[in-house]
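Hi there,

Here is the structure I promised to pass on. Please have a look, and my notes follow below.

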Amino acid sequence: MNLHTLQPAKGSVHKEKRLGRGEASGKGGTSTKGNKGGQSRAGYQSKRGHEGGQMPIQRRMPKRGFKSLNPTEYQVFNIGQIDHLVEKYGLQDFSLENLYMNGLINRTAKVKILGQGELKAKVTAKVNAISEKAKQLIEAAGGTVELV
């Protein structure tokens, strides 16, 4: 195979549709644009979200709730996951530094612990937020909780 022998795939290259070149071409006269109206004129541009007079979707949909401009997003870990991670990585304390060192969170992530699952290991948790149930489960297993 050489550069001078390369060809496009069969059927991938089409002839350009030539508009307005006489009635015999089949695309003369109105040049496939129909009769009258904005879309048949030169320089026509449709407005984003315009639905031809029909009530636009962003106005038909109900508005509900409130969207915070600076939400606090947490990397969530359940108690069951913590038990698994302590076994897998041999963690003594479940802290932001240890999680970052093991590649489980990024440097700026905030961590929250939720109370789903069971905890067998004694763990010291140093996190940004924790649910009440998770705190009770960690303390029941002999661990401590420290908010950063």
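First, a definition: two strands count as paired if DSSP finds at least two bridges between them, and helices (H or I, at least four residues) and strands (E, at least two) are DSSP runs numbered from the N terminus. On that basis, three strands make an open sheet, ordered β1-β3-β5, with parallel pairing. The edges are taken by β1 (74-78) and β5 (129-130), each with a single partner strand, so one side of each is left without a neighbour in the sheet.

Please keep in mind that this is a predicted model: local features need pLDDT of at least 70, side-chain atom pairs count only at pLDDT 80 or more, and totals for chains, interfaces and linings use all residues. Residues are numbered from 1 along each chain as its sequence is written, and side-chain values use heavy atoms, with hydrogens and water left out.

Back to the sheet: β3 (residues 110-114) is joined to β5 by two bridges, and Ile113 has Ile130 in β5 as its bridge partner.

As for the whole chain, it has four helices and six strands, in the order α-β-α-β-α-β-β-β-α-β from the N terminus. Its radius of gyration (over C-alpha atoms) is 32 Å, well over the 15 Å that the globule rule (2.2 Å times the number of residues to the power 0.38) gives for 148 residues, so the chain is more spread out than a compact globule. The C-alpha trace spans about 90 × 60 × 25 Å along its principal axes.

Best wishes
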